[in-house]
Amino acid sequence: MATASPSVFLLMVNGQVESAQFPEYDDLYCKYCFVYGQDWAPTAGLEEGISQITSKSQDVRQALVWNFPIDVTFKSTNPYGWPQIVLSVYGPDMFGNDVVRGYGAVHVPFSPGRHKRTIPMFVPESTSKLQKFTSLCLVASSDLQAAPPTEDK
């Protein structure tokens with residue numbers, strides 16, 4: 001008598017991170033990754049990636065266009081822990097350091113077909129002016145480098 005093996009199902013995700021609108025920022029790039037439950041396993045494709053840096057479009061929308069492809073396949077025996085895509089957008093601050101400009105997540109659609117999702121982006125902020133000032137000073141001081149001493153001739 002043959003033993004019954006657990007049945008699995010596959011979830012194929014393909015599409016793209018199309019664009020974003022961050023009116024106050026320019027020269028941004030995007031990172032994505034998938035988070036999922038313990039019964040899920042990637043079987044093909046990439047479960048994380050990083051895009052190119054893009055600048056705002058010159059039209060009225062001032063969109064940041066990436067058209068960043070996503071293609072991954074998961075298998076599972078249980079729908080619990082359905083995959084979510086997590087996006088993080090980064091760009092330079094006034095000192096040239098890459099800082100997070102926004103992050104957000106959305107579940108992969110449950111039904112087959114073509115879907116378009118808009119992901120609200122969130123940015124952590126300092127709770128006081130003192131914390132904002134302190135973080136600026138720490139970033140500025142980490143950018144400073146000591147120059148080697150020079151000899152006068």
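## Terms and model

Two strands pair if DSSP finds at least two bridges between them. Strands (E, at least two residues) and helices (H or I, at least four residues) are DSSP runs, numbered from the N terminus. By that rule, S1 and S5 pair: 11 bridges join them, and they run antiparallel.

This is a predicted model, in which local features need pLDDT of at least 70, side-chain atom pairs count only at pLDDT 80 or more, and totals for chains, interfaces and linings use all residues. Residues are numbered from 1 along each chain as its sequence is written, and side-chain values use heavy atoms, with hydrogens and water left out.

## Confidence

pLDDT is the predictor's confidence in each residue, from 0 to 100. The chain averages 85. A score of at least 70 is reached by 82% of the residues.

Over residues 139-150, pLDDT stays under 50. For these residues the model has six contacts (heavy atoms within 4.5 Å) beyond four places in sequence.

## The three-stranded sheet

Three strands form an open sheet. Their order is S1-S5-S3, and the pairing is antiparallel.

Now look at single residues. Met 12 has Thr 73 in S5 as its bridge partner. Leu 11 stands opposite Phe 74 in S5. Pro 42 also stands opposite Phe 74. S3 and S5 are joined by four bridges and run antiparallel.

## The four-stranded sheet

A further open sheet has four strands, in the order S4-S2-S6-S7. Its pairing is antiparallel. The edge strands are S4 (48-50) and S7, and each pairs on one side only. The twist here averages 15 degrees from one strand to the next.

How many bridges join S2 to S4? There are three, and the two strands run antiparallel. Tyr 32 has Gly 49 in S4 as its bridge partner. Cys 33 stands opposite Glu 48 in S4. S2 also pairs with S6, in the antiparallel sense, over seven bridges. Here Val 35 stands opposite Gln 84 in S6.

Start with Val 106, in strand S7. Its C-alpha atom is separated by 8.8 Å from that of Leu 87, 19 residues apart along the chain. Which residues does Val 106 contact, leaving aside its neighbours within four places in sequence? They are Gln 84, Ile 85, Arg 117 and Ile 119.

Next, find Phe 122. Its place is in the loop between S7 and helix H1 (129-143). Phe 122 touches Gly 102 and Tyr 103, not counting residues up to four places away in sequence. The C-alpha atoms of Phe 122 and Arg 101 are separated by 8.1 Å, although these residues are 21 apart along the chain.

## The largest pocket

Rolling a probe the size of a water molecule over the atoms shows where empty space is left. The search uses a 1 Å grid over the protein atoms alone. A cavity is a set of points where a 1.4 Å probe fits but cannot get out; a pocket is an open set with protein on both sides within 12 Å along at least five of seven lines. Lining residues have an atom within 4 Å of a point. Grid points are joined across faces, edges and corners, and a volume is the space filled by probe spheres set on the points.

The largest pocket holds about 1,300 Å³ of space. It is lined by 36 residues. The closest to its centre are Gln 16, Val 17, His 115, Lys 116 and Arg 117. Strands S1 (9-20), S2 (29-35), S5 (64-76), S6 (84-92) and S7 (98-107) each supply at least two residues of the lining. S1 gives the most, with 10 residues.

The lining divides into 21 nonpolar, 10 polar and five charged residues. Nonpolar covers Ala, Val, Leu, Ile, Met, Phe, Trp, Tyr, Cys and Pro; charged covers Asp, Glu, Lys and Arg; the others, Gly among them, count as polar.

Technical notes: Axes are lines fitted to C-alpha atoms, for helices over the stretch in contact, and angles run from 0 to 180 degrees between N-to-C directions.
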